Amino acid sequence: FRYSILFSLLLAVVSATSAQNAQQPKVLMDGVVAVIGNGVILKSEMDLALAEYKQNSGQTFVPPEMNCYILASFIQNKVLAIHAEVDSIPVGDDYIEQNLDQRINYYIHQYGSREQVEKILGKPIYQFREEIRPQVREQVLAQAAQQDIIKNVRITPTEVEEFYKSIPEDSLRFKESQYEVSQLIMDPKPTKEAEDETIALLNS
């Protein structure tokens, strides 16, 4: 009988807790947007990149393709980082810490204060620093891999120009004009006094 009472009490507690949780709206703390190799791209990384885009562009509206562009850049960095690890390209811990400091200071400068950055992130900066350490390491590795890939590439501006000229015009995408620029050029006729003054200045 005693065990029955305890079981009934536990059941009541569990039921009350479940009912309370059901009434409370679920809040997404973070999420995985993509998986590349052994690494992941978090929703918080995408949100911060979009907030940074808004801050830099001064726009409140984000074009739909911007999400794809940011995601593609994240994927590219991770692929290059995997390439760097496979090729054992060395990256020093001091350099990673320096990049972390620069990243945090950049965000503070962009948004005005540590408090504002933490408000956007929804977490303390020290926690965010530890969370983005793998991401910064990946970016450093990606940069090292990119430099390793293009270190032997030699191309001149003339070769670039010739390449673009070789593309048939009907293969180029047509883009509507967004701006029209006009320029008014006026050549004022100098007065006799101005000419005499200039000649005297030159003679002196």
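Predicted model: local features only at pLDDT ≥ 70, side-chain atom pairs only at ≥ 80, totals over all residues.
User: What makes α4 roughly perpendicular to α5?

Analyst: Helix α4 (residues 93-111) and helix α5 (residues 114-121) pack at about 100 degrees, axes 8 Å apart. Roughly perpendicular covers 65 to 115 degrees, so α4 is roughly perpendicular to α5.

User: Which residues make that contact?

Analyst: Contact means heavy atoms within 4.5 Å. From α4 come Tyr 107, Ile 108 and Tyr 111; from α5 come Arg 114, Gln 116, Val 117 and Ile 120.

User: How do you know how the length of α2 compares with the expected span?

Analyst: The expected span is 1.5 Å times one less than the number of residues. Helix α2 (residues 43-57) has 15 residues and reaches 21 Å from first C-alpha to last, close to the 21 Å expected.

User: Which residues of α2 are called buried, and what covers them?

Analyst: Buried means under 20% relative accessible area (1.4 Å probe, protein chains only). In α2, Glu 45, Met 46, Leu 48, Ala 49, Leu 50 and Ala 51 are buried. Their cover includes β1 (32-36), β2 (39-42), α3 (64-86), α4, α5 and α6 (125-150). Of the chain's 204 residues, 22% count as buried.

Terms used
Residues numbered from 1 in each chain as written. Heavy atoms only, no water. Axes fitted to C-alpha atoms, helices over the stretch in contact; angles between N-to-C directions. Helix = DSSP H or I, 4+ residues; strand = E, 2+ residues; numbered from the N terminus. Parallel < 35°, antiparallel > 145°, perpendicular 65-115°, else oblique. Buried < 20%, exposed > 50% of the residue type's maximum accessible area, 1.4 Å probe, protein only.
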